[in-house]
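The following note sets out points for a colleague who is examining the model.

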Amino acid sequence: YIYIYIYEVDPKLLGHIHRLGVCRKRKLRRQTSRQGSGLGHKAAHEQRKMSPFIKQLFEEYPCKLLSACNSAHDFPKGGLSIPEIAFAGRSNVGKSSLLKAIVEKIQHVPTDNRPGTTRSLDFYDIARKLRIVDLPGYGFAFARDELLESWRRLIETYLAERRSLKRVMLIVDARHGLKKNDLEFLDKVEYYKRRFQIVLTKADLLEPEPLALMASDTKNQLKEYRHAHPELMLCSSMNHGGILEIRSMLGALIPRKDNDSKLKFKKSGEQGGRSSGVTRSDSERETLRQRIQARRKRMASRNSRKNKRA
C-alpha cells in the first residue's frame, strides 16, 4: 500500500512569505527613486514605514565589539537602561552571517564553515541604545568537551543573572526546523522565564510551500511554551529578505525616549571634528542659511531681469 499525505498550506502564511521575498535566489536590491525597489511588497512597506532612527541605527552607525567574555566576571557592568538582545542557535546555523545582514557595520564577527566559530559571549554596542549579544553555538562544534561545558555554564549564568536581557532570538535552520538541541535550549530559557522568539533563517533554500509548512509546524511546537513570542520571523542572510522586519522588531524594544532621539556620529574615513549624520553643528547651520539666502537673491535678480526684458 502507498500512503499519500496531503498537507494544507495556510494561504495567509503563504502570501506573507511571497510579500517578504525570502525565497528569492538573488540578493534584494536597494530601493531607488526611478526604478522598482526589487523588494517584496511587505519588505518595501516595512522600508517605507521604518523610522529614520532605526534605519540610521542599523545601516549607518558602527556596531562596536564591547567585550568578548569567557566568564561571568567579564560581563559589561551597568547599562541596565540599554536593552540587550541575545542571538542563540546551533553551531553553523548561520547566526554570525545573519548578524552581519541585520547590522551592516558590525565589527569583528567571525564567520566560517567550521561549526563553533563563536567561542565567547560577544557583546556589541550600537550608539549606547542597543546591545546585541552573540552566544556560542550549541550542539556539534570543533572544540574540546571541557570548552563546550564551559560555554554551557556561561550561557546559563547569563540567562539567569542578566537583568538587561530583554529577548532571546533563537536562530533555526528553516530546512530542518526545531531539533532536539533547540528544544533543550528552549527548556532552559523557559526555566529562567526569559522572553524568546524564533527566527527561521536560510529561507532562500526552500520553496514557499515547504517553508510555510515548516513555519506552521514550528508554531505548533511553541504552543506549550509560556514565554514564546507569538510572531515567527522568516529571513535569509543571502537575499536579505525579512531583514527589515527584524530591524523594526529590534528597534521597538528600545525605550521610546531613546527611540525618538537623534544620533550624532562620524562617518568612517572622515577627517577632523566635523560632525555628520542627522544633526548639524551651529556653524554648519549658519553656512547653510547663508548659501540659501545667496541663492534666493540670485534667483530674484534673474527673475527681475527676465521681467524687464519682457
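1. Rings of Phe, Tyr and Trp (its six-membered ring) are taken to pair if their centres lie within 6.5 Å; planes under 30 degrees apart count as stacked, over 60 as edge-to-face and the rest as tilted. Under this rule, ring pairs join Phe-75, Phe-123 and Tyr-158 in a cluster. The count of aromatic pairs comes to 6.

2. The model is a predicted one, in which local features need pLDDT of at least 70 and side-chain atom pairs count only at pLDDT 80 or more, whereas totals for chains, interfaces and linings use all residues. Residues are numbered from 1 along each chain as its sequence is written, and side-chain values use heavy atoms, with hydrogens and water left out.

3. The chain contains 10 helices and 9 strands; helices (H or I, at least four residues) and strands (E, at least two) are DSSP runs, numbered from the N terminus. Of its 310 residues, 46% count as buried, that is, under 20% relative accessible area, with exposed meaning over 50% and partly exposed in between (1.4 Å probe, protein chains only). Contact means heavy atoms within 4.5 Å. Among contacts in the chain with a separation of 6 or more, 73% are between residues 24 or more positions apart.

4. One of the aromatic pairs is formed by Tyr-138 and Phe-185, whose ring centres are 5.1 Å apart and whose planes lie at 15°, so the pair is stacked. Tyr-138 belongs to the loop between β4 (130–134) and α5 (145–161) and Phe-185 to helix α6 (residues 180–191), so the pair ties together parts that are 47 residues apart in sequence. Tyr-138 is buried, with a relative accessible area of 14%, and Phe-185 is buried at 6%.

5. In the pair of Phe-196 and Tyr-225, the ring centres are 5.9 Å apart and the planes are at 85°, so this pair is edge-to-face. Phe-196 is in strand β6 (residues 196–201) and Tyr-225 in the loop between α7 and β7 (233–234), so parts 29 residues apart in sequence are tied together. Phe-196 and Tyr-225 are both buried.

6. How do α1 and α7 pack? Helix α1 (residues 11–20) and helix α7 (residues 208–221) meet at an angle of about 120°, with their axes 9 Å apart. Axes are lines fitted to C-alpha atoms, for helices over the stretch in contact, and angles run from 0 to 180 degrees between N-to-C directions. The contact is made by Leu-13, Leu-14, Ile-17 and His-18 of α1 and by Pro-208, Glu-209, Leu-211, Ala-212, Ala-215 and Ser-216 of α7.

7. The axes of α5 and α6 come within 10 Å and cross at roughly 35°. Arg-152, Ile-155, Glu-156 and Leu-159 of α5 meet Phe-185, Lys-188 and Val-189 of α6.

8. The buried residues are Phe-53, Ile-54, Gln-56, Leu-57, Phe-58 and Glu-59.

9. Ser-96 is located in helix α4 (residues 95–102) and is buried, at 9% relative accessibility. Ser-96 and Ser-237 are 141 residues apart in sequence, while their C-alpha atoms are 9.6 Å apart in space.
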